[in-house]
Every structure is written in C-alpha cells, then in structure tokens.
Amino acid sequence: MLKKDYLKEWDKEYFWHPFTQMKVYREEENLIVERGEGVYVYDINGNRYLDGVASLWCNVHGHNHPKLNRALIEQVGKIAHFTTLGASNVPAVVFAKNLVEITPPKLTKVFYSEDGAEAMEIAIKIAYHYWHNKGEKKAKFVTLSEAYHGDTIGSVSVGGINIFHEKYKPLLFDVYKLPSPYLEAVRKAGREKALEYDTTKILIEEVEDFIFHNHQDIAAFVLEAGVQGAAGILPFPKGYLKEIRRICDEYNILMIVDEVATGFGRSGYMFACEKEGVEPDIMALGKGITGGYLPLAATIVTEEIFNAFLGEFGEAKHFYHGHTYTGNPLACSVAIANLEVFDEEQTLKKLQPKIELLEERLEEFWSLKHVGDVRQYGFMAGIQLVKDKEKNEPFPYGERTGFKVARMMMDKGVWVRPLGDVMVIMPPLVISEKELEYLLDVMFESIKALENI
C-alpha cells in the first residue's frame, strides 16, 4: 500500500475523533490534511480546500504565516517548555502584559491554560473561590439555555445544549438557567424584531425579576460575549450584554464573559464586549489567541478578584489550580507574534468590508427552499436548514442533512463543519473578498441542491 492508504487505514483503526460518530466515520472517505497555505489546506492526495471554518474557528491570519512560523522556530531554539508553578518564562511574562494592555481596563491579571474549556473552568472556580475567600456564601451560577462553554465538567455544568450535555447530567452541579436571548426574542417579537433594543427591554425585565428574587446566593452570571456560537450562531439582541452588566453591578454578582470564540477579531472588534462598552469581571479567551497555531487560553480577572486571593501562606487563600503546560513558552511566543500581525497587517480594518460583504450576500440565502433562518454576528454566520420552511420543520436528526451539504461543498473545494443542520461560515479573517465570494457561492449551490434530493 501507498503511504496515504496506510494513513487512511490507521486513522480509522486507531484515532477516536472528537464529536464524531466513529461508526459512520469509518464507513466514509474523510479529509486527512497534510499542509496548509493561507486560507487553504491540502490533503494527503494533494487536493486543495478552502478552510471555511478557520480550523474550528481559531485560524486568524491564515496557515503557514511566516511571522508566526518564525516566532515558533526562534523560541524552539531557546526553550520549549518550563513550569510556571512558582517560576516563569519570558514569553509568558510579555504576553500577559500584552493582554492586559488590549483587554478592557478593569482586567489586570492573567491566568493561563491550554484551551477555552479550561479557561472557563478556571473562571468558574475563581468566581466560587473569590466569594469563599471573602467569607460570603455565594455558590450558584446563572447561565443561559443553548449556551456552550466547553466540555470539562465545570464548563458543561454552565452549558445548555442538551444533545451535548444531557448524558452527563448526574455529574454536573446545579445552576440557574435563563432562556437563550435570541430564541426568546424570536418567540416574543419575531425574527424581524428579535435583535432590536425594544426586544431587549422585554427580555431584561424577566431577567432582572429573576435576579432580584435569587441574587443572595448567586456567585456569577456566565454568558458568551454577544452570540451563542455552538448553538448555531444565535446573536444577542442589541444592548443585552450591557444590561446584564448593569444587573450584575446592581446585585453584587460577578460577570463572566466567554470570549473564546469571539475574541481576537471574530466580532469585528478585538473583543466582542467592546461593541457595547462592557467590562466583565472575568473574561475567558482561547481559539484565536495564537492565530490558530498552538493550544493556549487565558482567564483574565480584575484587581479586586486577584486581591481576594492574597494572604499569608498559612491562610491557604491562594488559587489551587494549574496545568503542566500553563504559560508554555512556544504558545506564548506565537501569541505575541499574533498580536503584532494584527497591527502590521491592519487585520481589523481590512476585515470591515468583508463583514459588510458577508451581510449583503447572506440575504440571497433567504430565497432557498430549505433555509429557515440566516444569522450573522461580525465575521461569523449560521444558515439554518429546515425540511419545511413554512412550518419551520427540521430535518430528522439522523439524516445528517448539514453533513450532506458539507460533503457537496467538499467536492467543490470548500471545507466546512456544520453544527447539526446549521451551516457555519467562519473563515480565517484574512480571506480575500474573492475567496469569500467563492465560499458563499459554493454553499448556496450546495444548499439549493437539497431541493433535488
């Protein structure tokens, strides 16, 4: 057998893939990537595919970027890893300072981890521990239905996507759960008015009433930063995030904002909370933090929260948490270079017309027979596939309709990973307008082809 044939065989025999039904995977032909260049990846057969979901929403400046490559290579020549438990390293120190300089002013202390789920797990533990150190019995969390914050036990506990989380319910801690802002807004005001300020006022009245009656034991309000990503790109109505900040301030509740998916330009801003001038007490970052190169995440907190953990050693107030690779020098070096590329290539400025183009082109998808909703937040979008548009009837789950569309797109040189029957558009930020047009053309044609199946 040729090398590529061995790889296909070994992939199906030995590799258990995440969020993948392996019985189905082993029956199909699948993509095995060998290299990448810009917004494209190449498989072991030499076929080229446009990376339509930025390698799971994390690639920012394209694959094989010379500056990011150089940062990694230069750091390898110095040291690859050293513990940060009671010690430090140069890139971790520098990048912590960089993060504090670009995140909202209240956030001044950085705790590293390796991915967004861990960053959220840390945020939850810090919030609980903070109130414990202050001698207050506040241990409950408020979360939103359809939320996704990762797959560790703590992050799943504050999540709300049943198909992901229901099986682990006996392992989870109890939380207060409020309705998904977008889905509730659609239910109350309809799709056309779902994102308006007037709709937000209606939703917030109910949120505030709940908090008023339960705030005494609430440690933190946990939510994504403007859009529920893994739920299918469900944007918050305008002003919702800012109103939650006001409520948290009024009732002495910490606000934890998950910027894992939205951080580092995906919203059109460096951080989505900037859109409404919101400063959370705790912010979780991941995905685009290294430009999509290496596992790194960060949980950033206020000075007040950090100070609550200070004391004499014997008081045992310090934060008992840490990972082997916390503050890894290789990852932090690439993260530093990632921010430099943002400045040097004016990434955010160049992104704005592409966001406008995406918004304009998305209007076309409403004409398709099997499109029930079209949603956009910055440079991320979700197109909801339905069996019957008039009845808003979904396709049966087992039919894997989203994956059928993705397979058709793959045949035309575009790789996407749907969220069930929501087709996700989330390319690297540096995609050209011509490449974006091609991605959208292929997705449109592939969804339209469902009409003939």
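**Note on the second largest pocket and its surroundings**

1. The second largest pocket has a lining of 33 residues, and those nearest its centre are Leu 195, Pro 235, Lys 238, Gln 376 and Tyr 377. Two elements, helix H14 (347-362) and strand E13 (371-376), each give two or more residues to this lining. A pocket here is an open set of points on a 1 Å grid over the protein atoms alone, with protein on both sides within 12 Å along at least five of seven lines; a cavity is a set of points where a 1.4 Å probe fits but cannot get out, and lining residues have an atom within 4 Å of a point.

2. This is a predicted model, in which local features need pLDDT of at least 70 and side-chain atom pairs count only at pLDDT 80 or more, while totals for chains, interfaces and linings use all residues. Residues are numbered from 1 along each chain as its sequence is written, and side-chain values use heavy atoms, with hydrogens and water left out.

3. The space in the second largest pocket is about 970 Å³, a volume being the space filled by probe spheres set on grid points that are joined across faces, edges and corners. Its lining comprises 17 nonpolar, seven polar and nine charged residues. In these classes, Ala, Val, Leu, Ile, Met, Phe, Trp, Tyr, Cys and Pro are nonpolar, Asp, Glu, Lys and Arg are charged, and the others, Gly among them, are polar.

4. Helix H14 consists of 16 residues and spans 22 Å from first to last C-alpha, close to the 22 Å expected at 1.5 Å a residue; the expected span is 1.5 Å times one less than the number of residues. Its buried residues include Leu 351, Ile 355 and Leu 358, where buried means under 20% relative accessible area with a 1.4 Å probe, protein chains only. The buried residues of H14 pack against helix H13 (329-344), E13, strand E14 (381-385), strand E16 (422-425) and helix H16 (433-448). Helices (H or I, at least four residues) and strands (E, at least two) are DSSP runs, numbered from the N terminus.

5. The structure also holds two cavities of 30 Å³ or more. The largest cavity has about 60 Å³ of space, and its lining has one nonpolar, one polar and five charged residues. The second largest cavity has about 50 Å³, with six nonpolar, three polar and one charged residues in its lining.

6. Of the 453 residues of the chain, 53% count as buried. The secondary structure comes to 16 helices and 16 strands.

Methods:
Buried means under 20% relative accessible area, exposed over 50%, partly exposed in between (1.4 Å probe, protein chains only). Contact means heavy atoms within 4.5 Å.
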